[in-house]
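Work through the following exercises with the sequence and the coordinates at hand. Each task is followed by a stepwise solution.

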Amino acid sequence: MPSDVVVRDLSRRFDGVAALDGVSLDVRAGELFGLIGPDGAGKTTLFRILTTLLLPDEGSAEVLGLDVVADMWELRRRIGYMPGHFSLYTDLSVEENLSFFASVFGTTIAAQYDRIAPIYRQIEPFADRRAGALSGGMKQKLGLSCALVHEPDILVLDEPTTGVDAVSRREFWDMLQALRDGGLTIVVSTPYMDEADRCDRVALIDDGRILRIDTAAAFGPEYGRPLLAVRGSDRYGMLLALRRLPDAESVYPFGAALHYTDRRADADPGALAPQVAGALAAAGFADAEVEAIDPGIEDVFMSLMGGTP
Amino acid sequence: MSDVTGALLGFVRKETRHILRDRQTLFVLLMLPLVQVLLFGFVIRTDVENVRVGFVVPASDAATGELIALFRGSDLFTPVGTWPTAAPLPDLFERGAIDQVVMFAPGFADDLGRGGARLFVVTDASDPNTGAAMRTYAESLIREYAGQGAADLTLVSRPGGGPGTLAGTSGIETRVRIRFDPALESRNLFVPGLIALVLTIVSALMTSIAITREKERGTMEVLLVSPLRPWQIIVGKVAPYLVLAFVNVLTALGAAWLAFGVPFRGSVTLLLLESLLFIIVSLALGVFISTRAESQRAAMLAAIAGLLLPSTLLSGMIFPIGSMPGWLRPFTNVVPATWFIEIARGIMLKGVGLAYLWQETLILTLMAVILTTASVRAFDARLS
Amino acid sequence: MNAGATGLPTVPEGGEPAIRSRDLTRRFGDFTAVDAVTFEVGVGEVFGFLGANGAGKTTAIRMLTGLLAPTSGEATVAGHDVSAEPEAVKRSIGYMSQRFSLYEDMTPRENIELYGGIYGLPSPVIRDRGARLLERLGLESAAGKRVGSLPLGWKQKLAFSVALLHEPGIVFLDEPTGGVDPITRRQFWEMIYETAADGTTVFVTTHYMDEAEYCDRLSIMVAGRIVALGTPTELRREHGAPSIEDVFVRLARQDASPPAAS
């Protein structure tokens, strides 16, 4: 299966600090590929190299079979790019923004209407509104329309969901999945770990390095240690108590529950759960509920990061 | 109460820290006034020096010799030649080769002995600052020669221009003709400088801000990733300002002519073409500044400190170049406005054409070509 | 008394609430940004204030922190009325926002001195608390470096601590954990828990729905109104949803007018 993006040992430094350190990855044609990591991980730097905006210090990258350095101009015609913070002209209207980007690529809104319609139709009622006056969700849709208007062969979106509310984020991923179903290759970066399962495959990146690449579902089994979810009313008290357990490797809040990871790789989670529940009850947390769970992407990310609990 | 002062002091300390740590702005804020003071010191001269004076002497005699010797001996004048007739003069004035000429009537010494001699002093007043001064110097030198105390002499000058005469009880009657600007209306003379100033602001300052604003906003990224080439982005950014600047030239000229009655002796078309040339130079400078500046504020500072200020101080717009110290004068040649002002003054006030101004035009053209090439090259097709 | 983090009823227990808002309203011309918002936050609670951008959250927070006067309705924060005594409100609270909190071109120590001074702490107190703060965060080695050069996670933890320097009874956190890695985010929330356990009330907004679950109680704002108020467990049960994110999505979608409506 052909790869639309091939990155090999890519490195880039700024003022002596490595923003990217030997990054390698592949994105298959027609894939919805997610790059997940916190601020400063190197997501934007990687995307800027892929979109020919930055030169790498070492390594190579090919997009759609073209070299990002040597074939710069040809690539630029074929990539649809949406940088972080949307990069729209806030003093131009929705329609003016879109027609500008269309014209730069030698086309018009009318010519491309059918293709961008699923997205553009949602903001078309606001065609005359200044882009600066749009809500976060609408800016997303406009940014996406502008990136799509010239019929790109690949979409590169840098943190399109950052700072946007949960509803708009969900809708946006629905739109991306629909585009992927239509055959478009999409590379997206995000700091939100829970968006990983909306992607076909995901690369976890931190501190300029790729931690792991796989489908969202495949990460769990790699975890290698028992993981328990603990619920109860006195969450903070339980947190401290769990940390005091002799074999506790890490304890973190995870939404409504606490995630307890045990040091012993071969322990049976099913047997471990009632043991921990008992320990908590003895410590005075009578309503503690403990169950074994499968690790999610965030659990895996945190263990790969190597942070101390 | 000490809470309030404590908080205030803490805040003042913070503000001081901000200023001290912003090295670039600090440099400009400290160096700029210093440079300004130094430049102003050297550049502001209310006196005029090195007036290039010529003499028309149909017949030499002792008196002409003595008067000419007085001019020669004065530090203020630099004699450039003596001719028997006034024929070469118009051309010399037009070329800007001469500032002033003293014309003797034949039989000067005899007339003097008989109690009434006449001199004709013609001064190039196309530079507003120097015209009046040169005239006064010449007059005082002549008075000195005539041996009259100032109280005995009256200068008769006709309102609205025309030759003024020095009438004295005995001695020399001088007609002083101020050439090119009979009424010495300094308003007229400032217009070329003003046009240059306005064009520099609109073209260089605004263009550099427009491009860096795109960078700050983040939309530059998207433009760069598009098929748009650097030259297309530059032309697109610059074109509206070119039109704007041109409209400004028309407005300024229109206002000068209608509201102030500024004379326009030369070809309007030529002036507009030269203005266009100067606009292109300024635009290129604006683009060049924007390629180096990361923020709008930096672009503005660079444009003001690096372009506007030198243009105002060194172009001859306000302070005459002739009066600047020798070491400073070569720098004036680097300022594009210097050449444009020469050209504009020549066309508007002297009424000369390309034949006389081809050198200055050539220099401006060269500047335009060099700067445009440099700025397109400097405009990175990538983020750095 | 550990009033927060234990199971809570829908309204805080006895005593004066840390924050009380009754029909708090703010209009801008014809537009009602905040519409008769009513809720209470108990002392030592961790209260989550959720809503989409543009739902009126920011305006509401500005009123509660004494930065903006309400059009109608009333609110008391730390016992002071926000309309009548905004300056007293400002003195009694701490504030940290994602967009800004510390001066990047100054060192941690200098930031501490500045804020300590602004809040009127005497110098020995500033020095003492500042030293302990840096030690607790493990930032002694970075004390002389400019804040701008520190990693984002350290900056945020530092900003939070500085907001608490003058030991206010209530601290307002506006999206404090944007962009940081998942471990730092959780460490930050542990700091929040610690603070609440000490009796400080924490009023926090966030876009991370899992963080909503960390709160003792929360409210969800849609189009200027509060449409949900209670503990995470109550809200999930009420809406039959597995997570607060689902509750949020359901409520937000209810408000959005369907495109094909006549």
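**Exercise 1.** State how far apart the C-alpha centres of domain 1 and domain 2 of chain A lie, and describe the side of domain 1 that touches domain 2.

Solution. The C-alpha centres of the two domains of chain A are 37 Å apart. Domain 1 covers 3–219 and domain 2 covers 221–305, with bounds from an automatic or database domain assignment. This is a predicted model, in which local features need pLDDT of at least 70, side-chain atom pairs count only at pLDDT 80 or more, and totals for chains, interfaces and linings use all residues. Residues are numbered from 1 along each chain as its sequence is written, and chains are lettered from A and ligands numbered from 1 in the order in which they are written.

Next, the contact takes 10 residues from domain 1 and 8 residues from domain 2 of chain A (C-beta atoms, placed from the backbone, within 7 Å). On the domain 1 side, β9(A) gives the most, with 3 residues. By class, that side has 8 nonpolar, no polar and 2 charged residues.

**Exercise 2.** Determine how the axes of α13(B) and α14(B) are arranged.

Solution. Helix α13 (residues 336–350) and helix α14 (residues 354–378) of chain B have axes, lines fitted to C-alpha atoms over the stretch in contact, that come within 10 Å and cross at roughly 150°. The two helices, α13(B) and α14(B), are therefore roughly antiparallel (angles over 145 degrees, between N-to-C directions on a scale from 0 to 180 degrees). Residues of α13(B), including B:Trp339 and B:Phe340, meet residues of α14(B), including B:Leu364 and B:Met367.

Notes: Helices (H or I, at least four residues) and strands (E, at least two) are DSSP runs, numbered from the N terminus. Angles under 35 degrees count as roughly parallel, over 145 as roughly antiparallel, 65 to 115 as roughly perpendicular and the rest as oblique. Two residues are in contact if their C-beta atoms, placed from the backbone, lie within 7 Å. Ala, Val, Leu, Ile, Met, Phe, Trp, Tyr, Cys and Pro count as nonpolar, Asp, Glu, Lys and Arg as charged, and the others, Gly among them, as polar.
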